Amino acid sequence: MNISYGARREVMKHIEKYMLDNMHTYLKPIDTIWQPTDYLPDASKEDFFQEVKELQERAKALPYDLFAVLIGDTITEEALPTYESWLATVEGVSNDEEGGWMKWLRHWTAEENRHGDLLNKYLYLSGRVDMRKMEISTQYLIADGFDIGTDRDPYRNFIYTSFQELATNISHRRVASLAKKSGDGLLSKMCGVIAGDEARHAKAYMDFITQVFTVDQSEAMIAFEDMMRKKIVMPAHFLREIGQKAGSAFEHFADAAQRLGVYTALDYVEILQDLIKEWKIENITDLNDAGEKARDYIMKLPARLTRIAERMKANSADYQFSWIHAM
Ligand SMILES: [Fe+2]
Ligand SMILES: [Fe+2]
């Protein structure tokens, strides 16, 4: 990858100042934002066991695929240390602890940390999960790390996170509505509040990239093109189960999400279209040759990907995850 980090540093100085001044619009005050406890049975109360019993009854009624996706989502959230440590190695930004980037990264991580925490507790209480097998997958996912093709480039990383936050918003939102349909209103609320966080985070990262587009349009365009050529891989693409190779469980997890319509190939295209609209890609002028070519590629991509997505068929459901107890 041919990136001039010196040039990036100049641009990022400006962006980091913007982050510092504006991050509060994308974050919620810690004292009043929701916490996992708000959605969980209170173990200090007398009706705790009754509430857990009811939670288990509702969990039993959830379709197998939905449960599998929920576990995959939880493991993905719980691999947060991977994402934080990766983002902390981005170059061309200041590592000043009070600078815009490091401060945003800490606050973003602090909000995200609640997601895995809440879902993990729900799954533990549900009684449907072989927690040890799930925990092994989580430990593997963190130990395996990931390879998302962004290098240490702040532009590519913020484009990646913009995409990812939109993707997690969609998938948590869909799980919320399917859970509701199955009669699990509490789980639906949990996934709903998580989805709300993801939407705010998406707005933040998209805004940061909007700022990059206003000052370094060609390089931003080339970074966007490059990420889309490589395809945006999911953060859990190395997901595995005990005794298996890295990535083996991810396929089954992604298949289940596609079957349920929780996250599909068409969603991928829609996210791309949202980003094109958000960053007003069509109207960006003053591009160099490579930037022009990059824009052409991006503008044609949704139609191409739609054709491919429409031809894709979801694999049939026959996989048994080690994470889920047989009923
Ligand atoms: Fe999250
Ligand atoms: Fe997120």
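Tyr 83 and Phe 146 are both buried, where buried means under 20% relative accessible area, exposed over 50% and partly exposed in between, with a 1.4 Å probe and protein chains only. This is a predicted model, in which local features need pLDDT of at least 70 and side-chain atom pairs count only at pLDDT 80 or more, while totals for chains, interfaces and linings use all residues. Residues are numbered from 1 along each chain as its sequence is written, chains are lettered from A and ligands numbered from 1 in the order in which they are written, and side-chain values use heavy atoms, with hydrogens and water left out.

**Aromatic pairs**

Rings of Phe, Tyr and Trp (its six-membered ring) pair if their centres lie within 6.5 Å, and planes under 30 degrees apart count as stacked, over 60 as edge-to-face and the rest as tilted.

| Pair | Centre to centre | Angle between planes |
|---|---|---|
| Tyr 83 and Phe 146 | 5.5 Å | 35 degrees |
| Phe 158 and Tyr 205 | 6.0 Å | 55 degrees |

Helices (H or I, at least four residues) and strands (E, at least two) are DSSP runs, numbered from the N terminus. Tyr 83 belongs to helix H4 (residues 80-87) and Phe 146 to the loop between helix H6 (131-144) and helix H7 (154-181), so their pair ties together parts that are 63 residues apart in sequence. Phe 158 lies in helix H7 and Tyr 205 in helix H8 (residues 185-215), so this pair ties together parts that are 47 residues apart in sequence. Phe 158 counts as buried at 1% relative accessibility, and Tyr 205 is buried with a relative accessible area of 0%. Both residues also belong to one aromatic cluster, together with Trp 101, Trp 104, Trp 108 and Phe 208.

**Iron site**

Donors are N, O and S atoms within 2.8 Å of the metal (3.2 Å for Na, K and Ca), and because water is not among the atoms, sites may look incomplete. The iron ion (ligand 1) is coordinated at 2.1 to 2.4 Å by Glu 77 (OE), Glu 77 (OE), Glu 112 (OE), His 115 (ND1) and Glu 198 (OE). Glu 112 also bridges this ion and the iron ion (ligand 2), the two ions lying 3.4 Å apart. Since Glu 77 lies in helix H3 (residues 64-78) and Glu 112 in helix H5 (residues 100-126), the pair ties together parts that are 35 residues apart in sequence. Glu 77 is buried, with a relative accessible area of 9%, and Glu 112 counts as buried at 4% relative accessibility.
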